[in-house]
Every structure is written in C-alpha cells, then in structure tokens.
Amino acid sequence: MTPQEAAAFLTAHDRYLILTHVRPDGDTIGCAAGLCRALRQVGKIAYILENPEITSLFAGYVDSLTAKADFIPDTVVSVDMAARSLFPEGAKRYLDRVDLAIDHHPSQEFFARATCLDSKKAACGQIVFEIVGAFAHITPEIGEALYVAVSTDCGCFQYSNTDADVHRTAAALMDSGFDPYPVNRKFFRTKTLKRLRLESMLVSGMELRDEGATALVFLTRAMIDKVGADERDMDDISAFVGQIEGVKNGVTLKETTDGHVKISLRTDPGDLNASTVCALLGGGGHAAAAGAMMAGTMEQVRQRVIDAIEQVRNG
Ligand SMILES: [Mn+2]
C-alpha cells in the first residue's frame, strides 16, 4: 500500500486499535500517538493498546490515548513493528488480525492483511506523517509526537540514516507550531545520574577488537542493580559505545532477568552489516543497527557474537 492508499483505508474504516512494539522506542510511540490523534480529529474512535514496557520518558505521549481493557476494535493497525516476535504479550491476541502494518524495516515479515512499507525511510514517523497529512490537519500535538518519532530514530539527525528527507519531514513537523527546544533537550541533552554511572561502568569493562574499530560493552544485572537503574536510565544505551573515537562497530550486550542476553549492534554499514551479523544470531534489523536475543551466559553470548562478526567479515 502507498501512503495515499493507507490514508484512504484509514478514512474508510473505524474503531481503531493501534499496536506498538516490545521495548517501545520513540518511533513506535510517536507514530501511535500522532496516528491516534489524527484519526480522532476526523471523527474516528481510536485508541492505543497499553504497552506495559513504556518508560516515563515516553508515557506522556500516550497516557490519554490508551484503550480500556474492554475496548473491542474493528480495525487493528501496527506502527514500526517488523515482526511477530515484536508483539507485546497483550497484543498477541491480534497476531493474525492486524489490518494494516505501517513500517520502515527491511526485515518486515508481512504479518498484516495490508502493509504500507517504505524501507528507505529513516523513521516510521515519516511514513505516518505522509499518511495522516493526506486526511488530517497536523496540529502541534500531532507534530510533536511525530517529531519525537523521527528525531529519536535518527539520533537527533546524527545516525547514518539521516538524509535530506528526514530534515524535510522534521521541518514540516516544526511548522505545526510545537516548541522543539524542550523536546530536543529532554531527549538528546539530558541524562540521569544513574545513566552516567552505568556509562562509566561500561567504559571500565569495555573490550576493544580490530585495533579499536570494534568495541564490546557488557551491561550485567549486577551493574544495573548496583546503580538502581530502570529502563529509562538504559534507553538507547546501545548507541553509547559508538560515540568513542575510532569505534566503527559497537556491540552492547545486556543481561536480561530471565537468563538471556540482548545483543545490540550499531555498525558502519560500509565496514560491517549489522543486519547480516544479527541474522546469524536469530535476530534482524537494519544495515547500521540490528539486534538479537540469545539464551546463555554473558561469556557464551559474547563468543557467539564475536564468531558471527568474524564469519560475516570473512564470508
Ligand atoms: Mn523505527
């Protein structure tokens, strides 16, 4: 489906439930909030399915839009969700009844009846902006929600996915009249003290390989407990190691509470394709940013990741 066809679909249906992915980020949350408000503006009934993993950083954008437990939708829309494995527990009952998936991941699994996919877009928020711009007025609230989606997914216009198109979308969203300064300050210029303590521990335990081009950092449960960090303190922490001079490929391994290790890879795609590496580990994503989840100890998973990187390098 093109954005215009998606807009026609959305104006033709009603009673919407919007789904966001596990470990929700700014893109999925901003898209959901912007789309929900746009649908309501044109007289539709629209809610966002509660996502229990949402952090306090993003909760304000969806609080007033969350569906009550007894809401029965006619139309289910997912935003920024590439795969069935990314459905939160509460969304699993909709696994086979998503009517429209709006997404920008090349690894999109086409689980929905219809899909509006543009894998050249840096953020799903750009696609949602095109769709809602076709049938709704972009109010400051919609503009801010979609700006959060777009700006967070390109690391405030710094990641390798940033292009002129992203800036054009951001400029158009700013024209809606919201104040971007507090948003940028909140998301890109502010860190909790607990976050800084974690970053300090990551640097202390960092492993450098390939003459410093590849860096691995290890976020253990013991570190998280010692600092008393919550999910908000760890938001987008996989981008941290790539900030070190000379590091092209950053690997962040994070111990989960259930005996798994979450792998996040941020790479220079000309040097190493993150998506190819993570596919070998049962995950997926983009060429410059990908992830996987593996059972095992930190040391076991570390070895698997190193082997996968070497395999992609030499293959
Ligand atoms: Mn995204």
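Biologist: Which residues of β4 point opposite to Leu100 and Ile102, and are they buried or exposed?
Modeller: In this predicted model, side-chain atom pairs count only at pLDDT 80 or more and local features need at least 70, while totals for chains, interfaces and linings use all residues. Numbering starts from 1 along each chain as its sequence is written. Leu100 and Ile102 point one way from β4. The other way point two residues, both buried (20 or more other C-beta atoms, placed from the backbone, within 10 Å of a residue's own; exposed is 12 or fewer, partly exposed is in between): Ala101 and Asp103.

Biologist: What percentage of the residues of the protein count as buried?
Modeller: The β4 residues Leu100, Ala101, Ile102 and Asp103 are all buried. Now take the whole protein, with its 315 residues. The buried share is 43%.

Biologist: How many bridges join β3 to β4?
Modeller: β3 covers residues 75-79, and β4 covers residues 100-103. Strands are DSSP runs of E, at least two residues, numbered from the N terminus. These two run parallel. The number of bridges joining β3 to β4 is 3.

Biologist: Which residue in β5 is the bridge partner of leucine 100?
Modeller: β4 is also joined to β5. They run parallel, with 4 bridges. Leucine 100 has its bridge partner in β5, and that partner is alanine 114.

Biologist: What is the order of the strands in the open sheet?
Modeller: Strands pair if DSSP finds at least two bridges between them. The open sheet has 5 strands, with parallel pairing. Their order is β2-β1-β3-β4-β5.

Biologist: Which are the edge strands?
Modeller: An edge strand here pairs on one side only. One of them spans 46-48, and another spans 114-117. The edge strands are β2 and β5.

Biologist: How many helices and strands are there in the protein?
Modeller: The five-strand open sheet is one part of the picture. Helices are DSSP runs of H or I, at least four residues. The protein has 11 helices and 11 strands.

Biologist: What does the C-alpha trace of the protein span along its principal axes?
Modeller: The protein has 315 residues. Take the C-alpha trace along the principal axes. The span is about 55 × 40 × 35 Å.
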